[in-house]
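Trainee: I have a model open and want to learn how to read it. Can we go through it feature by feature?

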Amino acid sequence: MFRIRTLAAATAALLATFVTPAHAGKTLDAIKSKGQLACGVSTGVIGFSAADSQGQWRGLDVDVCRAIAAAVLGDPNKVRWVPLNSQQRFTAIQSGEVDILSRNTTWSLTRDAGLGLHFTAVTYYDGQGFLVAKKSKVTSAKQLKNAEICVQSGTTTERNLADWFRAQGIKVKPVVFEKFEPSIKAFFSGRCQAYTTDASALAFIRTKEAPNPDDYLVLPEVISKEPLGPAVRRGDDEWFAIVKWVVQALVEAEELGITQAKVDALKASPDPAVQRFLGVGEDLGKNLGLDREWAARAVKAGGNYGEIFERNVGAGSPLKLPRGLNAQWNKGGLMYGLPLR
């Protein structure tokens, strides 16, 4: 019995060494010193990251950065937006020009393991598709034999295009552009018979960029998996954990019914999970080097994941994309918030 008690005491002491409050980490220290979060975004993809007519940045990727700034700095507006094209984005995060890359970027093995990055979570499950003019009479990507297809360089899209048509035994002619905007203009000018990118971006292109949206069709084929999400540099586990858990908190908040408008009212909730989330009960912030209300501030910045989705790309947006795979796990989707406990 004595040996059992001694072993139990030793185990408890060992576990205690792993639950001491975390140090914030060098990246967060630098962010606090500067008083702002440097967030790498796209040069303009409506629904994900784009500046409006007043110069205000909006979109799903933008709201992720705002939530992180709220969690770590106490203010969602303390963000410096750094627009990056496809070629610039990885250099910017590797070099430290930005603290986080939140720029409709696909999580892949090569990028995660070979570029000195850590992808932190999936914020949008997407897939690559094709846009064509209805007058072409093309109703399937398999009808694009010998077609010229506009695509942006430096993307998974370019490789997927080559791989899929090679597997189908169909020859096509990629017309490659370095930047997003010229590639769109080339397609609508008739330079290419099809345009390919993520399906979410195709919805934006057809809705907002086409001379007449009804003249264009998104083909039924989805030829790839494109899990999009924010990435950080390797080498700072504390910052990696913070970004990861802020995103998880946004997803978990939707499942718990914690909305932007109800954050304060729900602090009186008897639900232990809600209490932990809002910092009323157990203090989860100490494990991240943050205070106990970090998750509450993240949701207050722009809402839970469902609110962010609907406002930027869902029913409340010009894109009106269905939740689909981006619905909560218990509603037919893949969004599954890890437990905050």
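Trainee: What feature does UniProt place at residues 36–266?

Mentor: This is a predicted model, so keep that in mind throughout. The UniProt record, an unreviewed entry, gives "domain: Solute-binding protein family 3/N-terminal" for residues 36–266. Over that stretch the chain is 35% helix and 23% strand. Its end C-alpha atoms are 29 Å apart.

Trainee: How many residues of α3 are buried?

Mentor: Start with the helix itself. Helix α3 covers residues 60–73, 14 residues in total. From first C-alpha to last it reaches 20 Å, close to the 20 Å expected at 1.5 Å a residue. Now the burial. The cut-off for buried is under 20% relative accessible area. In α3, 13 of the 14 residues are buried, so the helix is largely enclosed by the rest of the structure. Just after α3, Gly74 takes a positive phi of about 80°.

Trainee: Which residues does Ala67 touch?

Mentor: Ala67 is in helix α3, and its relative accessible area is 1%, so it is buried. Beyond its sequence neighbours up to four places away, Ala67 touches Val246, Leu250, Ala298 and Ala301. Ala67 and Ala295 are 228 residues apart in sequence, yet 8.7 Å apart C-alpha to C-alpha.

Trainee: How should I read salt bridges?

Mentor: Side chains of opposite charge can pair when their charged atoms come close. The count here is 12 salt bridges. Take Arg311 and Asp63, with their closest N and O atoms 2.6 Å apart. Arg311 lies in helix α12 and Asp63 in helix α3, so the pair ties together parts 248 residues apart in sequence. Asp63 is buried at 9% relative accessible area, whereas Arg311 is partly exposed at 37%.

Trainee: Which residue forms a salt bridge with Lys300?

Mentor: Asp264 does, with the closest N and O atoms 2.9 Å apart. Lys300 sits in helix α11 and Asp264 in the loop between α9 and α10, 36 residues apart. Salt bridges join Asp264, Lys267, Glu293 and Lys300 into one network.

Trainee: What about Asp99 and Lys34?

Mentor: Their side chains meet in a salt bridge at 3.6 Å, N to O. Asp99 is in the loop between α4 and β5, and Lys34 is in helix α2, 65 residues away. Asp99 is buried at 4% relative accessibility. Lys34 is partly exposed at 47%.

Trainee: How far away is the nearest side chain of opposite charge to Glu226?

Mentor: That side chain is Arg111, 6.1 Å away. A salt bridge needs the nitrogen within 4 Å of the carboxyl oxygen. Glu226 is buried yet has no salt bridge. Check polar contacts next. The side chains of Glu226 and Thr106 share one of 2.5 Å. Glu226 is in strand β13, and the residues it touches include Tyr124, Asp126, Asn160 and Asp198.

Trainee: Where does Lys137 sit, and is Lys137 buried or exposed?

Mentor: Lys137 is in the loop between β8 and β9. At 66% relative accessibility, Lys137 is exposed. Check the backbone as well: its phi is near 70°, a positive value in a residue other than glycine. Lys320 also has a positive phi, near 50°. Lys320 lies in the segment after α12 and is exposed, at 55% relative accessible area.

Terms used. Residues numbered from 1 in each chain as written. Heavy atoms only, no water. Helix = DSSP H or I, 4+ residues; strand = E, 2+ residues; numbered from the N terminus. Buried < 20%, exposed > 50% of the residue type's maximum accessible area, 1.4 Å probe, protein only. Lys, Arg positive; Asp, Glu negative; His and termini not counted. Polar contact = N/O pair within 3.5 Å; in protein donor to acceptor, adjacent residues only side chain to side chain. Contact = heavy atoms within 4.5 Å. UniProt positions renumbered as here; feature names shortened; annotations may be inferred. Expected span 1.5 Å × (residues − 1).
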